[in-house]
Amino acid sequence: MKFMKLGTMPDTFQTAEATRIVIADVPSDIVIRINNVNYLLHKLQHALLPKSGLLQQLLSKYDDSKNVRIELHDIPGGEEAFELCAKFCYGITINLSAQNFVSCYCAASFLKMTETAENGNLVAKLDSFFSSCILQGWKDTILALQMTHRLAEWSENLGIVRRCKESVADKILTPTNKVTWSFTYTRSGYEKKLQRSVPKDWWTEDLSFLDLEIFRWIISAVESRKELQPQLIGEALHVYATRRLFIKESAPAESSSTFSEEQNKKRILETIVSLIPADKGSVSVRFLLRLLWIANMLVVSPKTKAELLRLTGLKLDETTLEDLMLVHESGKGIELIQEVLESYLSLWNRGNMGDEDESMDSLINIGKLIDLYLQVAAKEDHLQVQKMVSLAQTLPETARPQHNDLYKAINIYLKEHPDLSKADKKKLCGMLDSQKLSEEVRADAARNELLPLRTVIRILFFEQEKSGELSLKVRSSRSKSGNSEPGTSRGHEDKRQIREELSFKVRDSMESEIESGKKT
């Protein structure tokens, strides 16, 4: 951090209750009150009046012989900033840095301590320090920007914010081999002493400390110049969101958050979404899912949520099961995942997913991912059957060339929800297509006592038909080759077993219905 030292005299300001007094050879002849503090000072002996154009104007109506009392409650920076200006007038040593520059500059401007009042005045010295020291450094500029939020209007009007923002944007676009200033970079595995080159995203962490509007301006300015990779813009958004929104991985917002805090987070999220570059690879799908999760909790504007769903839908084919589980743990995960899936399918139907082959491969991969997710979600006690069915049926038939994974999800759900009604079981198992089950899975399903009887019978009938078709093909083949029938005994045996099992299932169903009728 750069410093500027002004003045050589020792500090002679002392405090007596709520009064600040300057020890001098002559008595004070002016009282300046700021908030609850009185300053007993001197008009002319120590150049207070000559250096301040404002005080000259205020005192012009008073007789020089009288003690004067002035109130300056609206001075920017309050009593601390005023005291720096007063000490400068007395020649008392003051140390200035990016930490106190903004308040001192605003107060000096308020007091009109310009060259018009006296040559070599405070405003000119501060302006020189600002240009030659603060704006030349990265961290000093960032710190000065952070300080401006306390005096936002004054900082804007005096050009402090604009000059700092422009300096930051220019430094971000500086080639990494020319970055010589210090910066904050705490990524795991990175050690500055061991690194010979500056990382491309060296600037993202320091930017996350800035006020939202300043951050938005800088990102927009940098992106408009098209000199940075979109991934770096995306990384800056991710780092900012991590600091401002993602309190911890498992909970993006504390339940005790006040209304104003939630509104601020909503504003942050909506701004971040608006800044995401259009390039598909600019941000990760996990980042989008985390934003979507928080957006759902904060109830953001429909426009913001729709854009998040669109962006996430575009990248759904890059999603892993682990990514989906991050959303699932939010409480309303299955509904949110269904919304993302619907967004993806809407884009897919409009042909926004590449050529025909790529598009179909993408759809099939998404189908498998959703079925794997359903297998995990099915273990949840609170998961309603309708929600599971709704998500499963959102996928078009073409997304599931086989139903093995869907069967597994249904089987898990039936095991975890033993009290499911017959109607719900029928609804759940009605999604299965026997023709899309592998032979091994059909064999397991035919003996699965958790499945409704209708489902089992449907599977057995299909198996019988398939076995019959196979037997006909074998006989036809042997007939053409001149072979006799004995080789088909295995096929007859299989058909006999299927008939017996089917007969048993039907008889068992009838007995159950008779028993049920007797009880009623």
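Is N35 buried, partly exposed or exposed? In this predicted model, N35 has a relative accessibility of 34% and therefore counts as partly exposed. The residue lies in the loop between β4 (30-34) and β5 (37-41), and its phi is near 55°, a positive value in a residue other than glycine. A phi near 55° is also found for E17, again a positive value in a residue other than glycine. E17 belongs to the loop between β2 (13-16) and β3, and because its relative accessibility reaches 80%, above the 50% limit, it counts as exposed.

R20, for its part, is found in strand β3, which spans residues 19-22. With a relative accessibility of 16%, under the limit of 20%, R20 therefore counts as buried. When its neighbours within four places in sequence are left aside, the contacts of R20 are F13, Q14 and T15, then V37, N38, Y39 and L40, and finally E83 and K87.

Taken as a whole, the chain has 23 helices and seven strands. Of its 520 residues, 48% are buried. Among contacts between residues at least 6 apart in sequence, 68% join residues that are at least 24 apart.

Helix α17 and its surroundings can be described in some detail. Helix α17 (residues 356-377) has 22 residues and reaches 31 Å from its first C-alpha to its last, a span close to the 32 Å expected at 1.5 Å a residue. The buried residues of α17 are S359, S362, L363, I366, G367, L369, I370, D371, Y373, L374, Q375 and A377, and they pack against four helices, namely α15, α16 (333-349), α18 (385-394) and α19 (404-416).

The packing of α17 against α15 (residues 321-328) takes place at an angle of about 50°, with the two axes 10 Å apart. That angle makes α15 oblique to α17, and the crossing of the two helices is right-handed. On the side of α15, the contact involves L321, L324, M325 and H328, which meet L369, L372, Y373, V376 and A377 in α17. By class, the residues of this contact divide into eight nonpolar and one polar, with no charged residue.

Against α16, helix α17 packs at an angle of about 170°, with the axes 12 Å apart. Since angles over 145 degrees count as roughly antiparallel, this description therefore applies to α16 and α17. The contact is made by G333, I334, I337, L341, Y344, L345 and W348 of α16, together with S359, M360, S362, L363, I366, I370 and Y373 of α17. This contact has eleven nonpolar and three polar residues, and no charged ones.

The arrangement of α17 and α19 can be set out in the same terms. Their axes come within 8 Å and cross at roughly 15°, which makes α17 roughly parallel to α19, and the crossing is left-handed. K368, D371, L374 and Q375 of α17 make this contact with D405, L406, K408, A409 and I412 of α19. Here the residues divide into four nonpolar, one polar and four charged, whereas the contact of α15 with α17 has no charged residue and the contact of α16 with α17 likewise has none.

Helix α10 (residues 212-224) was examined for its span and its buried residues. Its 13 residues reach 18 Å from the first C-alpha to the last, close to the 18 Å expected at 1.5 Å a residue. Within α10, the residues L212, I214, F215, I218, I219, A221 and V222 are buried, and what covers them includes α6 (138-148), α8 (160-172), α9 (204-207), α11 (230-244) and α12 (259-275).

Finally, A306 is found in helix α14, which comprises residues 302-314. At a relative accessibility of 44%, which falls between the limits of 20% and 50%, A306 therefore counts as partly exposed. A306 and L292 are separated by 14 residues in sequence, and their C-alpha atoms are 9.8 Å apart in space.

How values were computed. Residues numbered from 1 in each chain as written. Predicted model: local features only at pLDDT ≥ 70, side-chain atom pairs only at ≥ 80, totals over all residues. Heavy atoms only, no water. Axes fitted to C-alpha atoms, helices over the stretch in contact; angles between N-to-C directions. Parallel < 35°, antiparallel > 145°, perpendicular 65-115°, else oblique. Left-handed = near helix turned anticlockwise from the far one by under 90°. Contact = heavy atoms within 4.5 Å. Nonpolar A, V, L, I, M, F, W, Y, C, P; charged D, E, K, R; others polar. Expected span 1.5 Å × (residues − 1). Buried < 20%, exposed > 50% of the residue type's maximum accessible area, 1.4 Å probe, protein only.
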